[in-house]
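Thanks, everyone. I would like to walk through one model this morning, taking the ligand site to begin with and then turning to a sheet and its helix.

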Amino acid sequence: MRIVKSVAGMKALARQWKKEGKRIGFVPTMGYLHEGHLSLVRESKTRADVTVVSVFVNPTQFEPKEDFKKYPRDLEKDSAYLEKGGVDCLFYPDADDVYPPGYRTYVEVHGLQDRLCGKSRPGHFRGVATVVFKLFNIIRPDLAFFGAKDAQQVLIIERMAVDLDLDVEIVTCPLVREPDGLALSSRNAYLSPEERRAAPVLSRSLRWAERAVAAGERDAAKVVAGIRSAIEAEPLARVDYVEAVDPVNLHPVAEIRGDVLIALAVFVGSTRLIDNVRIAV
Ligand code: AMP
């Protein structure tokens with residue numbers, strides 16, 4: 001596995017691969033890798049000739065009071081994990097190589113970036129869209145792989161790729177969970193043993209919603225209220241938001257009909273976790 005640190009070095013390698021006619025698969029991450037990330041790598045390896053994984057804790061997608069500084073990092077472990085996973089290149093640039101002094105350009109996906117997580121994290125998706133756009137320009141992937149865990153993120157990246165005429169196919173991969181239902185996340189490392197025991201309340205509440213809809217419930221407000229009360233029954237959990245939305249424009253729906261995205265963010269202790277489910281009726 002090649003380990004590339006500089007933007008210029010990554011561009012040169014991508015150029016060389018392109019000249020050789022290789023199809024490049026790309027998996028952007030913030031590191032502290034787990035099986036969820038590895039599932040994206042495996043998908044890339046089946047669909048592309050070479051796979052690049054970036055590990056970059058992107059400062060522009062964190063709010064000033066968020067966990068940028070303490071976000072978990074372990075490059076040595078990540079690199080061993082990726083090597084074992086058969087990745088061709090690990091790209092881990094420095095923040096001042098990605099955003100040199102004087103940096104001023106940002107990508108915004110209006111109408112999508114301000115909903116769901118964007119309400120509690122106002123600059124978050126502007127940071128995400130900007131860094132992904134930049135990484136696409138540096139790596140020139142034919143395919144880029146994203147997890148359904150971050151449903152709003154995938155939607156925003158897909159929109160950006162269409163709107164800005166990017167020659168990249170965005171592939172969404174299924175959400176990977178722990179055996180007790182908790183969605184894998186690097187932030188799970190923040191949870192105390194007690195909080196870890198409480199955290200499956202997110203997925204449990206979503207499973208309850210699926211059952212309620214399967215049993216005939218179509219009133220979105222009732223489904224959302226049921227999810228809320230399941231979460232509020234857990235003393236260590238505090239709801240940030242629960243919404244049932246149209247998965248194309250993220251507008252809230254009144255009725256559970258057609259394709260609906262139920263998304264939530266919940267603080268367990270001081271750790272903010274997200275989860276979601278797509279329901280089709
Ligand atoms: P992150 O390192 O958290 O920024 O995530 C990098 C990529 O991995 C994103 O596309 C995430 O959606 C994806 N990802 C993270 N956790 C999971 C998971 N539990 N299942 C599937 N994909 C995931």
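Predicted model: local features only at pLDDT ≥ 70, side-chain atom pairs only at ≥ 80, totals over all residues.

**The ligand site and a sheet**

On the oxygen side, an N or O atom in the side chain of His37 is 2.8 Å from an oxygen atom of the ligand, and a backbone N or O atom of Gly147 lies 3.0 Å from a ligand oxygen. Taken alone, the ligand exposes 480 Å², and the protein buries 93% of that.

Which elements give two or more residues to the shell around the ligand? They are strand 2 (24-29), helix 2 (35-47) and strand 5 (143-147), and of the contributions to this shell the one from helix 2 is the most, with 3 residues. The shell holds 16 residues, of which Met30, His37, Asp150, Val176 and Leu184 come nearest, and by class it has 8 nonpolar, 6 polar and 2 charged residues.

Now to the sheet, which is open, with 3 strands in the order 7-8-9 and antiparallel pairing. Strand 7 (237-245) and strand 9 (271-280) stand at the edges with a single partner strand each, so one side of each has no neighbour in the sheet. Strand 8 (residues 259-268) is joined to strand 9 by 10 bridges, and Phe267 stands opposite Arg272 in strand 9. Finally, helix 10 (residues 220-232) lies across strand 7 and strand 8, running at about 165 degrees to strand 7.

How values were computed. Residues numbered from 1 in each chain as written. Heavy atoms only, no water. Near = heavy atom within 4 Å. Polar contact = N/O pair within 3.5 Å; in protein donor to acceptor, adjacent residues only side chain to side chain. Areas by Shrake-Rupley, 256 points an atom, 1.4 Å probe, with all protein chains shown as cover. Helix = DSSP H or I, 4+ residues; strand = E, 2+ residues; numbered from the N terminus. Nonpolar A, V, L, I, M, F, W, Y, C, P; charged D, E, K, R; others polar. Pairing = 2+ DSSP bridges. Contact = heavy atoms within 4.5 Å. Axes fitted to C-alpha atoms, helices over the stretch in contact; angles between N-to-C directions.
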